[in-house]
Amino acid sequence: MEADTMQAVAPIEIAQAREVPLSAAGREAVFETRGLSASYGKALAVANVDLSIYRNLVTAIIGPSGCGKSTFLRSLNRMNDLIPSAKVEGEVLYHGQNIYGDGVDPVEVRRRIGMVFQKPNPFPKSIYDNVAWGLRVLGMKDDLDGRVERALTQAALWDEVRDRLKKSAFGLSGGQQQRLCLARAIAVEPDVVLLDEPASALDPIATSKIEDLMHELKNEYTLVIVTHNMQQAARVADMTAFFTLERTESGGHGVLVEYDETPKIFTQPADKRTEGYVTGRFG
Amino acid sequence: MSARVNAVTSTPALPSRRRIGDRLGDVFLHVLTGAAAAAAVALLIAIGWKIFDIAHPAISKFGLAFITHQGWDAIHNRFGALDLIWGTALTSVLALLIAAPVSIAIGLYLSELAPRGARTVIASLVELLAAIPSVVLGLWGILVLGPFVGTQLGPWLHRHLGFIPLFDGTPQNAGILVAVLVLTIMVVPITSSICRELFLGVPTELEEGALALGATRWEMVRGVILPYTRAGVSAAVILGFGRAIGEAIAVSLVIGAGHGIHRSLFATGDTLASKLANEYQGAATNIQIASLVYLAAILLVISLLVNLAAQVIVRRFAHQRTGGS
Amino acid sequence: MAVDAGRYSLTPNPRTRRRKLVNVLMQGLATLAALAAVAVLAIVIISVAQRGASALSWDFFTKTAATFGQGGGGVANALVGSFVIVALATAMAVPLGILVALYVSEFAPPRIADLVRLVLDILNGLPSIIIGIFVFGLLVIGSGQAGWKGSFALAIIMLPLVARATQEVLALVPSSLREGALALGASRWRTVLGVVLPTSLGGILTGTVLAVARAAGETAPLLFTTSIAANAVTWDPRQPVLSIPYDIFVLSESPDPADHARAWALGLVLISFVLATSLTARLLLVRYRKKLEG
């Protein structure tokens, strides 16, 4: 690319990335969406998304607010089913099966595709029970103590809570609560973990810990993260999808603009809109 | 400039320019409303005092043994509250045993299950049940439910479950069982409305957190909603219990004014409140009246304790939750 | 990629099927409970309507009870009596309730406000028969029964209801409204009477209507205060006055089926009144809320 374009995207320092992002080449597609559109009642939230999520990678969804990132994410584990007016069209293929197909049980879907939410939402139970609850419900009761310890260790929380497992989860700080929610999600051995702006309610140090975790976790899980912070995406993600708001007479809806390996999105975006966003010219 | 400096350094008193009437008005309103509030507090105290005052002759004559004495003998003026306390406890506890799970179920239905459009309609219908005056329920109880229990439900229960002492004896058109059913009908609407509001108040993110793990709706209810609302539901049940023990009219119409302590639900009986309603007008001697009001005093104390228990639970656990998070 | 049906299968396995079964079962039970409640409501209302409708007639509303053994007659005295008693009770309870609520919400220091609220809650939870005995001891002993004494007992029951409803509505009045008036230099009492109260009138009305519905159906407080009444229509509250609930109470215990018929009819009238007022209150509340939230 011409020198001045390189100059224009310099504000995003790819050098901040902790490791070299991995590529999608040769990897299995865990998700493949075909023509995915989601609406709430009459209002279309996101339209016609064709996107593949690859195994053991961190995929980031970025874009300005209101462009349907969270809606898209929640379509991947059928959490939108909980909202009465929500409707989904198109297909979401999980290892080849459409999760919206007949005969598919949303409970099974959510067992395999876990989620961490924007605001930490630990149960009003002890730290131990927060992690153990899901295990008990799903029948993974063998070696409960061991499973809880493993999950908390993977979430880099074990050392901090090992002496107070029976204390209430509400006694933890925000960052610790969020890692607890992460532990609880991975304890049930999902295939994929979806993270909806997991650090937006946290301070920088807690955020940094979560980001470090993601690098470890992707070895075992496939991660999809929605973030409004593009530096975070640049630091953490292997693949990045950029969504934007397409204005129509009836308001607007989100569309997928570009999806590629992270370095490419941030240094050589193919679409002008992507370029505009990552260089901070808008949004 | 200097004027402004003056204003900062010295604070001149702003002369009150308001008319006397205006200022008096403020004081007057404050005093008037304060007096009203004081009157309300005085009223409560007066109620307690007066009841014990009227009961005094019986309290001084029988003492606390009144509470443990069984038998109500108007001819020899030997009175005891034990039968009535038993009747009150039995009918109210049984009614709550049925009403509590039913109310929780209805509360869950209205907050989680019912189709959106039907929610307010069904909730309103359940609340309408609470609006039915107790005397009308008593009327229905004595003329419709009673005969049904006496001729259909009672014999059925006796036939199939007669080996249990509770269903021993001859089914009648009036008695403990009918009273229990009527009390249940009165308690359920109150308790279920409170439960419904409690369940609606559980934060959505907590529910979503459970469902996102792959739990079913019922597992989410059992693991998150019910523990979260534990205190409020307990308070609601206790409030329902308070309602049940105090119900005089409907119970007096259907319980049959029986004596003694029996195990069978088919027996007739009496409660503290229903005894008062039945016998008060026919009370002949002063000591009988005083004894009846002694019953009222016992009922008052129990009712206050129950009410206070509910208030304490609500206040303590509300504090705990906000303190913890 | 080939579908690894075993490992990533999204169709239910035996364990999940069992969990789903439990889920469906629980949902069924909850639905059953709700349906049972609605069914009971329907049964009671239909019972009353069916049996009561046959006794309704013009005579029913205009005549008083016939002498024992003769047919005909009506319940005019009970209808008038209830009207008088409840109207008087409302006149007693509403001003006092509003004043108490004003104190708690505008003037009282927090601890005292809590205390008064607790007292109101306790008053609300007291069995109504105890209130009847209280008023009997306070007013009737020595001087006899009277309609207004029954009203007094009903007013005690209505007080917490009116006070709480008024309080809730006063709390809804935006503080910006109060501050706007005070900032103009208006005195406290002008602000309260001229701005805060008028804004709250809708809610106060609703609370009053609900309290009236409750009072109209109460029997226990009237048992000892206004029950021995003459068989004539009287508008004078200084006499003991017959009331609808008490009449139902007495008639339902009578062995005479004609009395039962009258009791059902009275019950129908009472239920109709109570349900109509409850619905009105609900509609008022909805409309009022909308107006307040703009």
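Chain A has 11 helices and 10 strands, where helices (H or I, at least four residues) and strands (E, at least two) are DSSP runs numbered from the N terminus. This is a predicted model, in which local features need pLDDT of at least 70, side-chain atom pairs count only at pLDDT 80 or more, and totals for chains, interfaces and linings use all residues. Residues are numbered from 1 along each chain as its sequence is written, while chains are lettered from A and ligands numbered from 1 in the order in which they are written.

**Chain A**
- The C-alpha atoms of chain A fill a box of roughly 55 × 45 × 35 Å along the principal axes.
- A compact globule of 283 residues would have a radius of gyration near 19 Å, so the 19 Å of chain A agrees; the radius is taken over C-alpha atoms, and the globule rule is 2.2 Å times the number of residues to the power 0.38.
- In chain A, 48% of the 283 residues count as buried, a residue being buried if 20 or more other C-beta atoms, placed from the backbone, lie within 10 Å of its own.
- Of the contacts in chain A between residues at least 6 apart in sequence, 71% join residues at least 24 apart; a contact requires C-beta atoms, placed from the backbone, within 7 Å.

**Chain B with chain A**
- This contact takes 18 residues from chain B and 24 residues from chain A.
- Helix 8 (204-212) and helix 9 (217-228) of chain B are the elements that give two or more residues to the chain B side, and helix 8 gives the most, with 6 residues.

**Chain B with chain C**
- Here 68 residues of chain B meet 69 residues of chain C.
- Helix 2 (residues 20-62) of chain B provides the largest share of the chain B side, 19 residues.
- That side divides into 49 nonpolar, 13 polar and 6 charged residues; Ala, Val, Leu, Ile, Met, Phe, Trp, Tyr, Cys and Pro count as nonpolar, Asp, Glu, Lys and Arg as charged, and the others, Gly among them, as polar.

**Largest nonpolar core**
- The core has 282 residues, and those touching the most other members include B:V182 and C:I130; such a core is a set of buried Ala, Val, Leu, Ile, Met, Phe, Trp, Tyr and Cys residues joined through C-beta atoms within 7 Å.
- Its largest share, 17 residues, comes from helix 7 (residues 176-200) of chain B.
- Not counting residues up to four places away in sequence, B:V182 touches B:L137, B:G141, B:L145, B:A250, B:V251 and B:V254.

**Helix 11 of chain C**
- Helix 11 (residues 244-253) of chain C is largely enclosed by the rest of the structure, because 8 of its 10 residues are buried.
- Among these buried residues are C:Y246, C:D247 and C:F249.

How values were computed. Two residues are in contact if their C-beta atoms, placed from the backbone, lie within 7 Å. A residue is buried if 20 or more other C-beta atoms lie within 10 Å of its own, exposed if 12 or fewer, and partly exposed in between; C-beta atoms are placed from the backbone.
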